[in-house]
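Here is a short report on a structure, written for reading beside the sequence. Keep the viewer open and follow the headings in order.

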Protein chains: 2
Amino acid sequence: MEFLTGVKEKETKTIAQLQALIGSEESIKVNGAVHSVRNMGTVHFVTLRKRDGVLQCVYESTSHLEECEHLHEGACLEFTGKVVEAPKAPHGFEIHVEEVTLLSKPAEPLPIPVGKWKMNTTLETNLNLRPISLRNIRERAKFRIQEGVVRGFRSFLTSQGFTEIHTPKIGAKGAEGGANIFKLDYFHRPAILEQSPQFYKQMMVGVFDRVFETAPVFRAEKHNTKRHLNEYTSLDFEMGYIDSFEDIMAMETGVFQSIIKLLQEEYGEELRILDVTLPKADKIPTVRFDEAKELVAKKYNRPFRNPYDLETEEELLIGQYFKEEYDADFVFVTHYPSKKRPFYAMDDPADPTYTLSFDCLLGGLEITTGGQRIHEYDMLLEKIERRGMTTEGMEHYLMAFKHGMPPHGGLGIGLERLTMKILGEDNVREATLFPRDLSRLEP
Amino acid sequence: MEFLTGVKEKETKTIAQLQALIGSEESIKVNGAVHSVRNMGTVHFVTLRKRDGVLQCVYESTSHLEECEHLHEGACLEFTGKVVEAPKAPHGFEIHVEEVTLLSKPAEPLPIPVGKWKMNTTLETNLNLRPISLRNIRERAKFRIQEGVVRGFRSFLTSQGFTEIHTPKIGAKGAEGGANIFKLDYFHRPAILEQSPQFYKQMMVGVFDRVFETAPVFRAEKHNTKRHLNEYTSLDFEMGYIDSFEDIMAMETGVFQSIIKLLQEEYGEELRILDVTLPKADKIPTVRFDEAKELVAKKYNRPFRNPYDLETEEELLIGQYFKEEYDADFVFVTHYPSKKRPFYAMDDPADPTYTLSFDCLLGGLEITTGGQRIHEYDMLLEKIERRGMTTEGMEHYLMAFKHGMPPHGGLGIGLERLTMKILGEDNVREATLFPRDLSRLEP
C-alpha cells in the first residue's frame, strides 16, 4: 500500500530559493512560462514568468539552444542551469541555461503583447482576452493586491472575535426586493439571487455576536457606469452589543489599517510593479450628510439639488474637500436621510428623519454602506407598517427579533471598488477578474 | 472635525479578560444574551451566552434583582458585578451580579429549549427555526469548526504560493453543462449559475500557476439524500507545473493536516463541546479504483455491478476496509474510468480507459473529486470531438490552452460534507447554516 504524507519538496526552485544560490556552482532546475524572448546578437535572453515574479535566463548564441524551437512566448519549460549574479536583472541574478525541457507548447502565437510592461490594449480587448491578458505582469499584480485586501479584512475581523459564515445565495422571493433582483426557477418555485447577505448576517448576530462573510452578491441594476457591476464580491460584517454606530466605523477603520499593513508587509513587489501609493487610514474624518453637502456647496460654489442623496459628482467633491482640508483619503459621511435607507436602518432618536447610518468614501467614491440596525421587534414591525411594506417572506428574519436581539450594526464593502481605488484605476472592471455587466456575460 | 482612529477598547469584558480578574475586588461589566435561568432557592443562576462561551452569573434571592423582569431567556443584558472563583462553573468562575441593565428584551418566549445541552428537536424543526436553533451552544459550535476548516484550507494554500481568486457565479450557457444547471434570465440573455469554478480556475493557472477559491456552487440535481445539497460551498484549488497527479493528492494531504492542526490549536473548546475526535491525516493510503472494488468485494463478500463507478454502499465499505486494515480515516481512490470523468480529465497514458484522477473518501464518503487535466490544446480538441461535444461556449476556456498552459490539476472539496464527517454527523444539512435542497428554499 502506498501512502501520501504531505507536500513533497520540488526539485525545481522558486525565485526566493534561487536567490540564496547566487554564485554557487550548483546546477539547478527552474520552470515557468516563456514571457518574452530577445535576441541580442551574441546572447539570447528569455524571461520566464513564475508565480513569484519573472526570471531572466540567458544562453549564448553559439550554443545548441540557439535554434531550440521551444523558446517562444507561451511555452512552458524547465531549464537546467546556474544562478549567476546580474545586478541589472530582476532580483539581481540570471540563469545561465545549459539544458531545456519542453513541458508544453502553445498552438498559436499570443494575440496581444503579454510580455510587455504595458500592453496598450483597450479595456474591451483586455476583457475579451482575459485568460491571456491577465498573464501580463501588471495585470496579474492587481489581483494579487485584491487578494491582500481580502486577507487583511478577514484576519483583522478574526482577531476581533468575528466568526466567518457562509449564507445561501439562492433565496425565496423576499420582501426587501424590488426590481433589481435576478430571478430564477428553483424546481418550479420562484427564487431569487441574494443582493446582499443582510438578513442572514443579522440573524447570525443572535448566534455568534460578530460575523463576517466574503462572497458574491447579485444586482440586476441597469446601470452602465464605470463603478457598477451586476455581480461583485461583498466584504460584509455585522456586530452585536455596539454602544453606538461609531463602533462600526471604528471597526472598519481597523479593517482598513489591517489591509494597508498587510499590503505593505507582503505585497511590496506588486505595489512597486503598479507604482501604488497606499491610502492613509490612521485617522478618518466623519462628517454628517447635511454638513458635507453644505461644505462642498460653499467651498466649490456648487449647490446640489437632491436633498436626500449624494450625487456622484457631490461625492467626488466631498472626497476632494477632505483631501484638501485634512489630507484624508477616506471619509465617513454619517446620518443619511431615513427616506433613502432601508427599513431596517435605525433612525436617529434625536431626529428620526435621519438614520444612524453612514457611507465610507475613498477618493470620493462610495465603497461602503453601513449603519446601526433596528433590534427591537416592535420597532421593526412598526417601521415596516409605516412604509406600507408587508412582512410576507420575512418570517424567519423577524423570528430572530421576536426572540431577542442585541443592539447591532454592520456594513458591506465592495471589494472591486475598494481595489480599484487602491490601484488608482477609474473603471471597476479593471479590478474585476471576470466582470459581469449589462453587456458582458463572458468570459 | 471628529476622527476615527481604530477599534476602541470596550468597557465590557470578554470571558478571557474576566478569567484574568478572578478574585479581584474590581467591579466589572459584562454583556450577553440570557441563555438559561435557574431558581435554586436561595440563589438564582443566569447563564449568559457570549460569543466566546457561556458565563455563569449568580444573584441572591433576597436581592432587588430577584423580581427583575428582564431576566428571562432571549433578553440581552449588561451585568455589573465581581468575578468570583467557582471551580464547577464553566471557565472556573462566576459573576456575582450587583446591577443589571436591559439592552433589549424578546417579544415572545423561545419556541425551543435553546439553553439546554441537547434540544431534542427533529432536524426539520431545527432547520425551520434556524435563526433560533443555532443559538444552542452545540449547534453553533458546529459552524465554528466549519470556520476552522476554511481557515486551515486557505492558510495552508497561501503558505504554498497559491493566489486566492473570485470568479463569477453567473455565466453564459456553457458546454460542460447538462440538465443539472440552474438557469436564469440575464437582461434577456440566457444565463446559468456555475456548478463549479473549474474552467475559471484552470484559466487562472496560466496566470498565477497556483490558485484557490472558497465560494458557493450551484447544482440543480434532483437528488434527495442525506449527502446532497443544491447549493454548497466548494473549496477549490488548481496547481500548475505538477510532476504527476500525486502532487495534487500530496497537496490535499497537507491541507487536511493544516486543518486538523488549526482545529486542535484554536477550536479546542468547540471540539470538546461536540466531543469530536479528529480524523488522522498523517499518512493517507491510495488505492486504484479497480483494486478498491476487488478488495471490498473479496473481504465483505459483496460484489458490485457497476464497473464504472462506486456505489454509495461500496464507498462506505472502502472506508471500512481501510479503517480496519490500516486505521486510516481518509483514502484516495485513484484512476477512475475515463467514461465517468469529464472531458478535461487527463487519461492515463498507460491505459486510456482510466484517468489520472481521484476521489478522496473520509469515513467512506466522497468529499473530494480531483485529478490531472489535459493541458495540450490539440489533445483537448481531440477529446471534445471524440465525445461528440461542441466547442461552442468554450472559446475562452480553449483560448488559455491555445496560447500555452503548464501541466496542471486540482480538486474541489465539499465544505459541508467535510464538516459533517469531522463532526460525525450523518446528514449534510447538520453542517449547513441554511441548507438548500429539493424542498427547502427557506430560511
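## Basis and terms

Buried means under 20% relative accessible area, exposed means over 50%, and partly exposed lies in between, using a 1.4 Å probe and protein chains only. By that cut-off, 61% of the 443 residues in chain A are buried.

This is a predicted model, in which local features need pLDDT of at least 70, side-chain atom pairs count only at pLDDT 80 or more, and totals for chains, interfaces and linings use all residues. Residues are numbered from 1 along each chain as its sequence is written, chains are lettered from A and ligands numbered from 1 in the order in which they are written, and side-chain values use heavy atoms, with hydrogens and water left out.

## Chain A overall

Chain A holds 12 helices and 19 strands. Helices (H or I, at least four residues) and strands (E, at least two) are DSSP runs, numbered from the N terminus. The C-alpha trace of chain A spans about 85 × 65 × 40 Å along its principal axes. Contact means heavy atoms within 4.5 Å. Take the contacts in chain A between residues at least 6 apart in sequence: 64% of them join residues at least 24 apart.

The accessible surface of chain A is about 17,600 Å². Carbon and sulfur atoms account for 47% of that surface. Accessible areas come from the Shrake-Rupley method with a 1.4 Å probe; for residues, only the protein chains shown count as cover. Chain A carries 55 positive and 69 negative side chains. Lys and Arg count as positive, Asp and Glu as negative, while His and the chain ends are not counted. The centres of the two sets lie 3 Å apart, with each charge placed at NZ of Lys, CZ of Arg, CG of Asp or CD of Glu.

Start with α12 of chain A, residues 415-423. This helix is largely enclosed by the rest of the structure, because 8 of its 9 residues are buried. The buried residues include Leu415(A), Leu418(A), Met420(A), Ile422(A) and Leu423(A). Charged side chains are in the buried set too, among them Glu416(A) and Arg417(A). The cover over α12(A) includes α4 (137-159), α6 (246-266) and β19 (408-414) of chain A. Gly424(A) follows the helix, with a positive phi near 75°.

In chain B, look at helix α5, residues 198-208. Here 11 of the 11 residues are buried, so α5(B) is largely enclosed by the rest of the structure. Among them are Phe199(B), Tyr200(B), Lys201(B), Met203(B), Met204(B) and Phe208(B). Asp209(B) comes after α5(B), and its phi is positive, near 70°.

## A helix pair in chain B

Helix α10 (residues 377-386) and helix α11 (residues 395-402) of chain B have axes that come within 8 Å and cross at roughly 145°. Axes are lines fitted to C-alpha atoms, for helices over the stretch in contact, and angles run from 0 to 180 degrees between N-to-C directions.

Which residues of α10(B) meet α11(B)? They are Tyr377(B), Leu380(B), Leu381(B) and Ile384(B). Their partners in α11(B) are Tyr397(B), Leu398(B), Phe401(B) and Lys402(B). By class, this contact has 7 nonpolar, no polar and 1 charged residues. Ala, Val, Leu, Ile, Met, Phe, Trp, Tyr, Cys and Pro count as nonpolar; Asp, Glu, Lys and Arg as charged; the others, Gly among them, as polar.

Most residues other than glycine have a negative phi, and most peptide bonds are trans. Phe187(B) has a positive phi of about 50°. This residue sits in the loop between β9 (183-186) and β10 (189-193) of chain B. Phe187(B) counts as buried, because its relative accessibility is 16%. His335(B) also has a positive phi, near 60°. His335(B) lies in the loop between β14 (330-334) and β15 (347-348) of chain B, and is buried at 11% relative accessible area.

A cis peptide bond joins Glu442(A) and Pro443(A), with omega about -5°. In chain B, a cis bond links Glu442(B) and Pro443(B), with omega about -10°. Pro443(B) is found in the segment after α12 (415-423) of chain B.

## Two single positions

Lys82(A) is in strand β5 (residues 76-85) of chain A. Beyond its neighbours within four places in sequence, its contacts include Glu25(A), Glu26(A), Glu94(A) and Glu98(A). Pro303(B), in the loop between α8 (289-299) and α9 (312-326) of chain B, is exposed at 60% relative accessible area.
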